[in-house]
Amino acid sequence: MGPPTLAVWKFTSCDGCQLTLLDCEDELLALAGQVRIAHFTEASSATDPGPYDVSLVEGSITTRADLERIREVRARSRVLVAIGACATAGGIQALRNFGDVAEFASVVYASPQYIDTLATSTPISAHVPVDFELRGCPIDRHQLLEVLGALLAGRKPDIPNTSVCTECKRRGLTCVMVADGTPCLGPVTQAGCGALCPGYRRGCFGCFGPMAAPNTRALLPILRTCGMSEDETARVFTTFNAASPAFAERSEE
Ligand code: SF4
Ligand code: SF4
Ligand code: SF4
C-alpha cells in the first residue's frame, strides 16, 4: 500500500488558503514525504482521478458547476476538510446574499448576459458532509499542518474553539480595547491566528469568524463606546464571514 493521497480543490475563492499550504516551505518537503499529492492544480499539472484519502477544499459554492463538482469531490474523498472563510462561511463573496446578484452583475460587467452565477455564496457544509472545518481568511499554516498531521496519524486535530482574547492572554499582550479604546472583535472571534492583529496594536476584525457560542450582543455596546458607528459595526461583522449567522445577526443591529 502506498502513502495516503492528498488532493487540494479550489472553488470560488482568491487562492490565499491554497497559498498557505505552499507557504509551509520547510514543512512541505516533510509533508510531501508522508503523502502523495494526487491533485493540486495550484502547484502541479499532475492530476490523479482518485479516490483520495484527504481532500482540502478552498472556496465557496457560487455556481451551478460548483454544485456538481463539490458532490464529485465528496464522492471521491475519504476525509474532506473545508479550509478558510470562503469554504466554511461563504467568504467575502457571501455579501451577495444580502443583495440582488443580477443588479450587481449589471453594474460590474459590460456583458452581464454571459454571467452564470447562483444568487448566493454558501459554505461547503451546506451541500455535502464535511469532516473538519479550518477557519480563517486565510487559514493559519500551523493549524493546517496540525490538521494534516492529525489526519495522517489517525487522531482528532487539536484546534482550539476559544476566542482570540485567549491568545492575547497567552502571548502576554496588552489589550488594545482596554488600554487604547481600540474596537476589537477578539472576544467573539475564533482563535487560531495567534492574536496577530492585537500583536501589532490593532483591533481584531473577525477574519476567523465567530467562535463557538459568541456573545456578540454584549460586545456591540462596547464597540460603540470605542467609537464605532452603526455603519461601521455593520460592516465589520459582514466582512470576511458575512453569512455566519452569529455575525450576520449583529450586522443588522
Ligand atoms: S478564505 Fe480568504 S484567503 Fe482563503 S480563499 Fe477565501 S478569500 Fe482567499
Ligand atoms: S486586544 Fe482584543 S483580542 Fe486581545 S484581549 Fe483585548 S479584546 Fe481580546
Ligand atoms: S486578530 Fe482577528 S482579524 Fe487579525 S488575523 Fe486574527 S482573527 Fe483575523
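How do the residues of the shell around ligand 2 divide into nonpolar, polar and charged?

Modeller: There are 9 nonpolar, 1 polar and 1 charged residues in that shell. The classes go like this: Ala, Val, Leu, Ile, Met, Phe, Trp, Tyr, Cys and Pro count as nonpolar, Asp, Glu, Lys and Arg as charged, and the others, Gly among them, as polar. Some housekeeping: this is a predicted model, where local features need pLDDT of at least 70, side-chain atom pairs need pLDDT 80 or more, and totals for chains, interfaces and linings use all residues. Residues are numbered from 1 along each chain as its sequence is written, chains are lettered from A and ligands numbered from 1 in the order in which they are written, and side-chain values use heavy atoms, with hydrogens and water left out.

Now the shell itself. Around ligand 2 you find Val164, Cys165, Cys168, Lys169, Cys175, Val176, Met177, Cys184, Gly186, Pro187 and Pro198 (a residue is near a molecule if one of its heavy atoms lies within 4 Å of it). Two elements give two or more residues to it: helix H7 (164-171) and helix H8 (176-180). H7 gives the most, with 4 residues. Those labels are DSSP runs numbered from the N terminus, with helices (H or I) of at least four residues and strands (E) of at least two.

In the loop between H6 and H7 you'll find Ser163. Ser163 is buried, at a relative accessible area of 8% (buried means under 20%, exposed over 50%, partly exposed in between, with a 1.4 Å probe and protein chains only). Leaving out residues up to four places away in sequence, Ser163 touches Gly186, Pro187, Thr189, Ala191 and Met211, where contact means heavy atoms within 4.5 Å. Gly186 and Pro187 also belong to the ligand 2 shell, while Thr189 is in the shell of ligand 3.

Ligand 3, then. Its surroundings are Thr189, Cys193, Leu196, Cys197, Pro198, Cys204, Phe205, Gly206, Cys207 and Phe208, and Pro198 turns up around both ligand 2 and ligand 3. By class that shell has 8 nonpolar, 2 polar and no charged residues. Ligand 3 sits in the largest pocket. Sitting there takes more than half of the molecule's atoms within 2 Å of the grid points. On a 1 Å grid over the protein atoms alone, a pocket is an open set with protein on both sides within 12 Å along at least five of seven lines, a cavity is a set of points where a 1.4 Å probe fits but cannot get out, and lining residues have an atom within 4 Å of a point.

For contrast, take ligand 1. Its shell holds 6 nonpolar, 4 polar and 2 charged residues, including Cys14, Asp15, Glu58, Cys86, Cys137 and Pro138. H1 and helix H4 (84-89) each supply at least two of its residues, and the largest share, 3 residues, is from H4. Asp15 is worth a click: it has a positive phi of about 80° although it is not a glycine. Asp15 lies in the loop between S1 and H1 and is buried, with a relative accessible area of 16%. You'll find Pro138 in the loop between S5 and H6.

Last stop, the cores. A nonpolar core is a set of buried Ala, Val, Leu, Ile, Met, Phe, Trp, Tyr and Cys residues joined through side-chain atoms within 4.5 Å. The largest has 19 residues, of which Leu21, Leu56, Val81, Ile83 and Leu144 touch the most other members. Elements giving two or more residues to this core include strand S1 (5-10), helix H1 (16-22), strand S4 (77-83) and helix H6 (141-153). Apart from it lies another core of 16 residues, with Cys168, Val176, Leu219 and Leu220 among them. That brings us back to where you started, as Cys168 and Val176 are also in the ligand 2 shell.
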